[in-house]
Amino acid sequence: MKAPKKEADERLLVEAAQADPARFADLYESHFERVYAFIAGRVRNRQEAEDLTSEVFRQALQNLRRFEWRGVPFAAWLLRIAANAMADRWQQVAREQGDPPPEPPDAAAAEDIEGRALLFQLVGTLAPDQRRVIVARFVEQKSIRDIAQELGRSEGAVKQLQFRALRNLRVHIKPRPENGAPGGRRAHA
Amino acid sequence: MPKPSLAERLDQAIEAMLGSGPAPGSADVQVQELVRIAAELRALPRREFKESLKADLQRRAQMPTTTVNFIREGFHTLTPYLVVKGAPAVLEFARQAFGAQEILRVKRPDGNIMHAEFRVGDSMIEIGEANDQFAPIPCAIHLKVEDVDAVYERALQAGGTSLYPPTDQEYGERDCGVKDPGGNHWYIGTPLSETHFLPDQRSVTPCLHVADAARCIDFLKRAFAAEEVMRHQTPDGIVHHAKMRIGDSLLELGEAHEPFPALPLNLHLYVPDTDALYRQALAAGAASVRQPQDQPYGDREGGVRDPFGNIWWITTHIKDVQF
């Protein structure tokens, strides 16, 4: 993961972006997967995850000067914005549907946001053909047959690419406890 | 029968996890671990999304910190944009009938008006010549004046066609209707003592006759955070007249009926964040006409067509440009 190893590094990144908003791109690159992973585990579909992630980073950019370094990681600030954005969204939906709003998400919940964010980043390090299969299979939800046709490979070859990709990703991922439900609380459409 | 390969067994388990295949028998630990990773990958973000959001943030980061007002000077949140055949004739009509003051005229190479702006009372109106790309969109405008009878006479002398003569209405307005040479409907009124005009109502209020006005009101709330400030309707829910506030402006609407058929509007809407409101409008059911993009005249602008046929040019003024 590209997130700064040391607090001092992150502080430098934040201060650079506060002085020059064009440097916000560095913070975005460091934290995109983390914020997306946090949101994606709590919303109903991909569109909602993308809308909320956009909202979080726009708010962060807009309010960056208000962020004060008090030893709390920048990621915690971002996840707090995300938790508030989701709570606002759910309250709006609840008002429209007449339902009681759900409990607001807890930004500090100890779950494997980091693990999922790392996994998302690692996909970018796979060999191009393995990455293409992962994206086609799990993001675009294509069948092995369709992917094989698209790549001009046999179905067996695509299954091998899928297997190698997942095996390569597993090398970097810690095993999860058995009681962890796969795929977050709500699966993506 | 030989045992399927590990890659084959993995794919069977993934098919089951994705809900597109039968549940396999007991999978070995290695397969289970890989399926768990595969399940996490269903939430993998799209690379295109990550890149487009990054580009959007970079664009925002480059906006000058001493930002200009998101509404261009002289304008308000809502401005009617007339697209007509014969724009010069409509400009001349507005000058003679309403004392309109022309602020800006930009011509195309063929001499036709590409874009013009004129002021009536305290409000702006924009206008452009219709062509193959932009079909005519005559609008309805409610115009508040001090002396409706005098304005009605001038409007007819200026080439307007009477829709109805000045009449004292029970809703507290003496008003008339005139159609201009471009087909726009002007409902011209002078408030009476007990009037429906709001204290802050400006000279020009866009006026929407629409089929299913009640549903349109709901859409305006969801798409543009419009606030309903007045509604008169029949017991069975037919909206005669409603006023919606969007930003600092009002929009009037009512159920279309003869002699006031549905007449969609073409509106310029200034907002703090074009991209956000554009997405909000699409989520509320509008269709894209043009994705938001920076324009050389200093606005960032996106267009949507709502389910009732109205076109909204959602705009943020980002820098002042001398024309």
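The structure is a predicted model, in which local features need pLDDT of at least 70 and side-chain atom pairs count only at pLDDT 80 or more, whereas totals for chains, interfaces and linings use all residues. Residues are numbered from 1 along each chain as its sequence is written, and chains are lettered from A and ligands numbered from 1 in the order in which they are written.

Chain A comprises 8 helices and 0 strands, where helices (H or I, at least four residues) and strands (E, at least two) are DSSP runs numbered from the N terminus. Of its 189 residues, 34% are buried, a residue being buried if 20 or more other C-beta atoms, placed from the backbone, lie within 10 Å of its own, exposed if 12 or fewer do, and partly exposed in between. Among contacts in chain A between residues at least 6 apart in sequence, 62% join residues at least 24 apart, contact being defined by C-beta atoms, placed from the backbone, that lie within 7 Å.

Within helix H5 of chain A lies A:Leu122, which is partly exposed because 19 other C-beta atoms are found within 10 Å. Residues up to four places away in sequence aside, A:Leu122 touches A:Leu169 and A:His172; A:His172 is 50 residues from A:Leu122 in sequence, yet the C-alpha atoms of the two are 8.2 Å apart.

In chain B, strand S15 (residues 299–305) is mostly covered, with 6 of its 7 residues buried. Strand S14 (residues 287–294) of chain B runs antiparallel to S15(B) and is joined to it by 5 bridges, pairing being assigned if DSSP finds at least two bridges between two strands. B:Ala287 has B:Arg305 as its bridge partner, and in the turn of this hairpin, which has 4 residues between the strands, B:Gly298 has a positive phi of about 90°. S15(B) also pairs with strand S16 (residues 311–317) of chain B, in the antiparallel sense and over 7 bridges, with B:Gly303 opposite B:Trp313.

Technical notes. Contact = placed C-beta atoms within 7 Å.
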